[in-house]
Structure formats: structure tokens, C-alpha cells
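Please open the model in a viewer and keep a selection panel at hand.

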Amino acid sequence: MADPPRLHPEDRADFEAVLDLALSTADVHGAVRADPTGRTAAHLRAHALAHSDDITAAAGEPYRAYLAARTAARRPPATGSLLPALAVLTPLVAATSAGALLLLGSLLQVGDAPGPLPGSLVAAGWTLALVAAVTGLLGLAALLRSALGARADRVEDARLAWRQALLDRGMLPHLRRHTAVAHSAAGITPCSPPGTLTPCPARAGKDRTPCSD
């Protein structure tokens with residue numbers, strides 16, 4: 001089994017965006033709001049950032065697919081389909097025909113051939129040359145636009161799938177596991193439920209009054 005991919009520096013912004021989203025979910029946000037000092041939120045954020053590779057590993061497969069799609073999008077477009085072939089052949093045939101007509105028309109003109117045929121051949125040759133140039137440019141532009149657009153869509157779909165998996169499989173489980181640790185680090189100790197005889201730990205050094213808040 002391949003090792004889980006490490007978080008790439010260029011994906012740090014996406015990781016932090018998912019972290020912010022996770023901190024705003026109902027259960028995690030409720031735990032964060034219980035600390036008015038804001039230290040719980042700071043501790044959770046710092047801990048998640050420090051363990052970014054572990055959290056990323058939980059969504060390793062979607063992240064690996066995203067990296068593969070992004071790498072493929074940076075390669076030159078492939079030319080194995082019918083459309084690229086037509087985009088190459090159309091201007092090529094037009095250019096070849098234009099060259100043949102221009103050559104034949106020029107030879108007839110040099111040989112003083114009678115009639116309008118030499119001039120017509122030369123005019124047709126220049127027309128085909130213009131067609132070859134225009135279709136070549138348009139075909140190239142269309143191919144590049146189509147290829148780049150399709151690749152961009154695949155990359156974005158893979159990116160969104162990774163972010164969702166990172167949230168569900170990595171970030172939320174991590175934050176939920178460490179919420180209690182964050183409360184402890186922030187100096188917040190939850191009191192006993194109302195009606196129990198266990199004193200509130202926060203007041204244990206002052207009295208033995210059961211906690212009711």
C-alpha cells in the first residue's frame with residue numbers, strides 16, 4: 001500500500017478553509033463558544049495545523065486523485081482523438097492544395113498559356129492558402145480551449161471531492177477527539193450536572209457546594 005500523501009504547500013489554503021468550516025459546525029462551534037477567552041479555538045486550530053499531514057492522510061485517496069488530476073492538467077493536451085486529427089488535416093490539405101494550384105498557375109503564367117486559367121489557378125491557390133491559415137488558427141484555438149476547459153473541470157471536481165473527504169474523514173473527527181483536550185488546555189473544566197453531590201472542580205478548593213450551573 002502506498003504511503004499517504006503529505007499536504008502540499010500549495011494546498012495549505014484549502015486545508016485552512018476546511019479547518020474554518022469544521023470549526024463553524026454546530027458541535028465543534030458549541031464547544032468553542034463555551035470558552036469566552038477564545039483559547040479553545042486557538043488551541044484546536046494550532047493543533048490541527050500542527051497535525052496537517054495526519055489529518056490529510058485520513059482523506060488520502062481523494063487527495064491522491066486530486067494531485068493526479070492536477071498533474072495531468074499541466075501536461076500538453078493529447079492529440080489522439082478524431083477532433084485533433086481533423087484540426088490538423090483540414091489546414092494541411094488546404095495548404096497542400098494551395099501550393100499545388102499556385103505552382104501550376106505560376107508555371108502556366110510563365111509559359112504564357114492563353115486564357116484565364118493561369119490567373120484563376122493562382123487566385124484559387126491564394127484563397128486556399130488563406131483558408132488553411134484561418135482554419136489552422138481556429139482549430140488550434142478550439143482544441144486548446146476544449147482541452148483546457150475539460151481538464152480544469154476535472155481538477156475542480158477532484159478538488160471539491162478531496163475537500164469534502166478532508167472535512168468528513170479527517171478534520172471533524174480530529175477536532176471532536178481533541179475538544180476535551182482543548183478545554184483542559186484553556187483551563188475550562190465542565191461542572192457536574194445539576195442535582196449531583198459532586199462538587200464543581202473549579203470551586204473544589206473553595207467549598208464543597210454541589211455544582212448547579
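The structure holds three aromatic pairs, where rings of Phe, Tyr and Trp (its six-membered ring) pair if their centres lie within 6.5 Å; planes under 30 degrees apart count as stacked, over 60 as edge-to-face and the rest as tilted. Select Y63 and Y66: this pair is tilted, at 6.5 Å centre to centre with 40° between the planes. Because Y63 and Y66 are three residues apart in helix α5 (residues 60-73), about one helical turn separates them. Helices are DSSP runs of H or I with at least four residues, numbered from the N terminus.

This is a predicted model: local features need pLDDT of at least 70, side-chain atom pairs count only at pLDDT 80 or more, and totals for chains, interfaces and linings use all residues. Residues are numbered from 1 along each chain as its sequence is written, and side-chain values use heavy atoms, with hydrogens and water left out.

Colour next by accessibility: Y63 has 0% relative accessibility and counts as buried, and Y66 is buried at 5%. Buried means under 20% relative accessible area, exposed over 50%, and partly exposed in between (1.4 Å probe, protein chains only).

Y66 lies in helix α5 and W162 in helix α7 (residues 117-185), so the pair ties together parts that are 96 residues apart in sequence. Y63, Y66 and W162 form one aromatic cluster.

Finally, select L92, which lies in helix α6 (residues 82-110). L92 counts as partly exposed because its relative accessibility is 48%.

Definitions and conventions: Helix = DSSP H or I, 4+ residues; strand = E, 2+ residues; numbered from the N terminus.
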